[in-house]
Amino acid sequence: MLPPETLRAAVSAGARALAGHLGLALLASMPMALSPATRLLGHPEVDVWNHAWGPWWFWTSLSQGHLPLQTTLLGAPLGGRLWFPDGLGALVGAPLVPLLGPVVAWNAVVLFHLVLASVGGRRLARALGAEDRESWLGAALLCCSPYLLSEAHNGISEAMAVGPPVLALAATVTAMQSGRARSWVLAGAWGGLTLAGTAYFSIGLLAVAAPLLLGGLVRHGARRVLPGAALALLIAAAIGLPALRAAWWTLQADPLVFRPPTRTLADLEPQLRHNAVDPRTFLWPGDFQSVLLDGESFRHSSYLGLLALLLALRSRAWLALVAALLGLVLSLGPWLWFDGDWLLWQGQRLALPYKALFEVLPPSTAGHPQRVGLPAIALVAALAARGLRGLSPRVAASLAGLALAEVLLLSPSPWPLARTPVIDPAPALAVRAATQAAGGGLVLDLPADVPGRGMVTSRHLFAQTLHGQPLPYKPDVRANTSSLGGIAALRWLASGEGDPPWDGGQELAQAGVAVVVVHRDLLAEEDARRVEDALRQWLGSPQEVGTAAVFRRPAPATGAPRWSPGLQSPR
């Protein structure tokens with residue numbers, strides 16, 4: 001047992017370190033701290049709504065004694081299997097849902113990922129030889145990296161979960177130096193969480209760890225490295241493979257709540273173009289984007305920071321620099337993309353090493369190659385911290401401050417980050433009451449599509465975390481993701497072409513729709529009036545709550561069966 005003085009010193013140091021990591025996370029997530037309970041961090045026209053739904057779904061499923069692997073809450077009434085890609089984040093946020101609500105739960109998930117990124121960045125810097133004080137640059141550059149802040153802007157939490165792969169890499173480097181079994185166990189545990197989370201980070205981790213392990217073999221010998229590495233791989237497999245098996249089980253289902261996985265390389269072409277990586281992304285400051293996405297608010301960047309790169313080169317850790325280079329090259333994708341299109345050589349696309357992965361991995365796991373580069377980005381940040389060695393404290397602090405300022409202010413980083421508008425719970429509470437008064441059923445939110453505003457209608461998915469009623473839509477809310485796509489009434493409500501069907505109310509009732517919500521703030525005034533006029537003829541006058549008009553079907557007659565997911569009206 002540690003002496004009391006030693007224990008108090010350790011606790012004090014740990015508390016100071018945690019405060020430092022939390023401070024960096026709050027800096028990176030600005031201005032989230034100004035509205036943690038009323039606005040979601042992330043751009044409202046990108047993917048934040050879908051991912052902020054996850055912690056609520058995990059809490060709902062687990063509190064009812066079910067694993068979160070299938071649901072009738074989406075794609076209702078049939079529903080299906082569903083794999084949520086950020087299981088770690090959802091598990092962190094789930095307990096906060098009943099205590100503080102889904103808005104706080106989501107913002108806490110983002111903060112958790114940023115804190116863990118900071119912890120990983122500092123530990124990797126220390127493992128690679130940075131001094132204690134200078135190692136904070138590794139934490140800051142990773143936590144505030146344009147890659148990570150772009151994904152926070154996008155609201156894609158599995159792409160924000162950078163802590164496990166970086167901590168796995170740090171533990172691997174430490175284990176080779178010390179030879180201690182504990183470090184190998186940690187490497188395996190963090191590697192397993194990486195494998196359970198995303199194939200992209202797993203690939204990137206292997207890409208940068210392989211040359212470092214080879215260097216460890218040469219320097220320390222096989223007896224120190226190979227048994228520990230084998231132990232780490234076994235632990236990683238024990239943790240990661242069951243999660244992969246569960247994910248595969250959900251993807252093989254019919255019906256499937258989320259869109260079916262890509263089957264061929266040809267199917268993947270649109271996604272690869274959308275997520276293509278121009279090599280200039282590593283070094284080009286300003287507002288550079290590899291792909292200019294018309295009408296979309298996605299942001300992607302792998303900018304390293306010019307000063308950070310110079311400091312990394314000053315570290316003279318050549319093997320680690322080569323490992324980082326390999327990871328960055330792999331993240332360029334299957335073919336070289338430059339200036340808005342694939343680069344051709346003798347009429348053929350110029351193939352890159354990533355293309356070889358298509359021979360061994362399902363194409364559906366290869367559509368986001370930029371994420372493969374995350375461990376390499378972390379490696380450059382850690383080496384930049386090591387590059388401060390030998391400098392006077394004043395010079396080192398100045399350079400660290402300038403490097404951080406560069407990645408925040410002069411890079412493609414979308415900082416300060418975007419937030420959604422204030423979440424008004426009143427319409428959702430009205431929807432819950434109206435659905436119960438109608439005897440239960442589906443909630444149909446309109447509009448399903450808003451041209452030129454990306455994924456803004458996915459906010460209907462997040463509204464479910466407040467009212468709890470089943471939706472016909474699937475993630476990425478669109479008219480074509482609705483289970484009611486074959487109904488003439490929905491087709492007219494979505495398109496407005498021609499005259500509304502005279503029996504639209506009866507069609508909606510037969511399909512199990514209890515409530516229709518018109519979100520006036522997402523529609524032009526003329527379009528909202530047209531839709532509401534038809535719904536008044538079908539369902540009567542609405543309840544007006546904020547910017548929403550809530551229509552409900554009449555309550556069922558006394559003694560009539562109430563709607564449930566297993567009770568569908570005949571067509």
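Colleague: What should I know before I start?

Modeller: The model is predicted, so local features need pLDDT of at least 70, side-chain atom pairs count only at pLDDT 80 or more, and totals for chains, interfaces and linings use all residues. Residues are numbered from 1 along each chain as its sequence is written, and side-chain values use heavy atoms, with hydrogens and water left out.

Colleague: How many cavities of 30 Å³ or more does a search of the whole structure find?

Modeller: The general idea comes first: rolling a probe the size of a water molecule over the atoms shows where empty space is left. On a 1 Å grid over the protein atoms alone, a cavity is a set of points where a 1.4 Å probe fits but cannot get out, while a pocket is an open set with protein on both sides within 12 Å along at least five of seven lines; lining residues have an atom within 4 Å of a point. Points are joined across faces, edges and corners, and a volume is the space filled by probe spheres set on them. Here the search finds two cavities of 30 Å³ or more. The largest cavity has about 110 Å³. It is lined by 13 residues, and His274, Asn275, Ala276, His300 and Gln370 are the closest to its centre.

Colleague: Which classes of residue make up the lining of each cavity?

Modeller: Ala, Val, Leu, Ile, Met, Phe, Trp, Tyr, Cys and Pro count as nonpolar, Asp, Glu, Lys and Arg as charged, and the others, Gly among them, as polar. The lining of the largest cavity has four nonpolar, seven polar and two charged residues. For the second largest cavity, with a volume of about 70 Å³, the lining has nine nonpolar, one polar and no charged residues. Leu141, Tyr303 and Ile377 are among them. Helix H16 (residues 374-386) gives the largest share of that lining, three residues; helices (H or I, at least four residues) and strands (E, at least two) are DSSP runs, numbered from the N terminus.

Colleague: And what lines the second largest pocket?

Modeller: That pocket holds about 580 Å³. Of its 20 lining residues, Val119, Arg122, Arg123, Arg126 and Leu167 are the closest to its centre. Helix H5 gives the most, with six residues. The lining divides into ten nonpolar, four polar and six charged residues.

Colleague: Which residues touch the most other members of the largest nonpolar core?

Modeller: A nonpolar core is a set of buried Ala, Val, Leu, Ile, Met, Phe, Trp, Tyr and Cys residues joined through side-chain atoms within 4.5 Å. Buried means under 20% relative accessible area, exposed over 50%, and partly exposed in between (1.4 Å probe, protein chains only). The core has 101 residues, and Leu124 and Leu137 touch the most other members. H5 supplies its largest share, twelve residues. A second, separate core of 51 residues includes Leu444, Leu461, Ala489 and Phe551.

Colleague: Is His460 buried or exposed?

Modeller: His460, in helix H19 (residues 459-467), has a relative accessible area of 1%, so it is buried. Leaving aside neighbours within four places in sequence, His460 is in contact (heavy atoms within 4.5 Å) with residues including Asp445, Tyr473 and His519.

Colleague: Which residues of helix H15 are buried?

Modeller: An α-helix has 3.6 residues a turn, so residues three or four places apart point the same way. In H15 (residues 318-330), the buried residues are Ala320, Leu321, Ala323, Ala324, Gly327, Leu328 and Leu330. Their cover includes helix H11 (199-220), helix H14 (306-314) and H16.
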